[in-house]
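Here is a short report on one structure.

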Amino acid sequence: MFKSVDVFATLRPVLSPLPSRERARVRGGVRNGIGRVSSSISPLTPTLPCRPRSRLHALAAPAAARMRAETPPTPRKGRGGSWLVASALFLIAGIGFAEPNIKNLGRPATPAEIKAWDIDVRPDFAGLPKGSGTVARGQEVWESKCENCHGAFGESNEVFTPVIGHTTKDDIRTGHVAALRSDTVPQRTTLMKLSELSVLWDYINRAMPWNAPKSLSTDDVYAVVAYVLNLGGVVPNDYVLSDKNMQATQNQLPNRNGKTREHGLWELGGKPDVQGSTCMTNCAPKVTISSRLPDFARNAHGDISAQNRLLGGLRGVDTLRPAPTEFVPLAARVSKGATGSTSTATTAVDPAKLAAQHACLTCHGIANKIVGPALIDVHKKYAAQKSDAAKLLVVRIKSGGSGAWGSIPMPAQDHVPDADIRAIAEWIAAGKFQ
Amino acid sequence: MADPMRIRAQLKDGGITEVRVLMAHIMETGQRKDSAGNVIPAHHIQTVTATWNGKTVLSAQFGPAVSQNPVMNFSFKGGAKGDKVVVSWTDTKGDKRSDEAVIA
């Protein structure tokens, strides 16, 4: 158990010689991560170091939490329980023993490595290296390394969107790019959107040229930034950009005042970007039918309800009749259909036609077996036994069944109106098949 | 008056001067309509002339097919460092613009 803690202790100093800025950032992230772990592991290891500093520590800590989770709960009684604990201890301690050279894992980052990684430049120009570059030198670099993609004047739209364009002298004066608020320009250029000069410097420094990032010298980065600003009309032709006048140049950027922080993304109580007030109070709009079938086209394909598959439920409405003017729920429609067909069943005296209409005869021949038994056989079997065979057949037709005539089931026919079922059942029970 | 042109003239190997020009112009074709459905009147560069020490080295006629803020590259033989290259254009509204650069 404590062995695993020792592992942490050896890992801890690995990345500690970070510069103070970096360390502050790392520590903030790690503290959250270790907070979870220490709360779960502290009953077992009260001496866990509580001020971890390294990023590696953050990686190792959740692993410890997992180990803790896999450890069985504290045994209550018996030798089995203590064996479990012993094995769990061995497992945890085994991590340390399985890696005897754990102390050799990693090494302190060298100052040179940290210097190579630590290249970010912030809006307050923290991290900006000393140097300077002229517009003229920037033009040389631009023409040799930047022009192929960005165009001679930063205007090219072929590989990337333009770097330069649509900023005016008035924008430089006000610090707001007017073109951002109009639809007169086809797209936004880099210089239109740029509000922090450090971003341009940092981006060119770390990412440009695209095929050889970080290949520009510090002075050349200054020079290219100066040239880009010169192309945009921000600085004159003889301008020399350096770490001394970055802030002064920042104060000339066309969009320097274009960034807002008074909204919900930045401020906790800020005004959110999305206003959902209308939707929150009255979201559901009234449903209006915006499209309907014209009356003359309703029966263009005949009676849709008569054009169903032979098996399964009956779908569709009788399109030979005019469309209902009011919406009728499905349940009401079904019961209407049932009562409607009761009247037709009483008037339509031919149950053989009903049997054909409801597709009984698809599976049942009158005198021959198809999928189900012949109706004559059904008649013989049931009518010979019972006087109330019709009632039994009604149940069999309505809810289906299997076994009486073999393993092939008869599906439930509950979509057929009750009156029709009764008529068919009585027809079969009577056995008068012409 | 339109924004100034950006002109760059460089002497290359073999005594060839390469000139690149960015002309800031709206280059409206006369075939677009605004949101009210009215035709936006044509407003584009019609003629471009480039001179080197007073001698015309390029003359061109631009039409509605040329893009907004057109970039033009051309080269001519001769030229020496310090010579002046002057590029000028006139557009359909009669506006004119003339800018010069020194061969580098």
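Helix 6 of chain A covers residues 135–150. A straight helix of 16 residues would span 22 Å at 1.5 Å a residue, but the end C-alpha atoms of helix 6 are only 17 Å apart. The model is predicted, and in it helix 6 of chain A bends by about 55° at A:Glu143. Just after helix 6, A:Gly151 has a positive phi of about 85°.

Which residues of helix 6 of chain A are buried? They are A:Val135, A:Gly138, A:Gln139, A:Val141, A:Trp142, A:Cys146 and A:His150. Their cover includes strand 1 (132–134) and helix 10 (218–231) of chain A.

## An open sheet in chain B

Chain B has an open sheet of four strands, in the order 4-3-6-7, with antiparallel pairing. Strand 4 (55–61) and strand 7 (96–102) of chain B are at the edges. Each has a single partner strand, so one side of each lacks a neighbour in the sheet. From one strand to the next, the twist averages 15°.

Strand 3 (residues 45–52) and strand 6 (residues 84–91) of chain B run antiparallel and are joined by seven bridges. B:Thr47 has B:Thr90, in strand 6 of chain B, as its bridge partner.

## Where the chains touch

Five residues of chain A are in contact with six residues of chain B. On the chain B side, strand 1 (6–11) and strand 2 (16–22) each supply at least two of the residues that touch chain A. By class, this side of chain B has three charged, two nonpolar and one polar residue.

Terms used
Residues numbered from 1 in each chain as written. Chains lettered and ligands numbered in written order. Predicted model: local features only at pLDDT ≥ 70, side-chain atom pairs only at ≥ 80, totals over all residues. Contact = placed C-beta atoms within 7 Å. Nonpolar A, V, L, I, M, F, W, Y, C, P; charged D, E, K, R; others polar. Pairing = 2+ DSSP bridges. Axes fitted to C-alpha atoms, helices over the stretch in contact; angles between N-to-C directions. Expected span 1.5 Å × (residues − 1). Bend = angle between axes of the 7 residues up to and from the residue. Buried ≥ 20, exposed ≤ 12 C-beta atoms within 10 Å, placed from the backbone.
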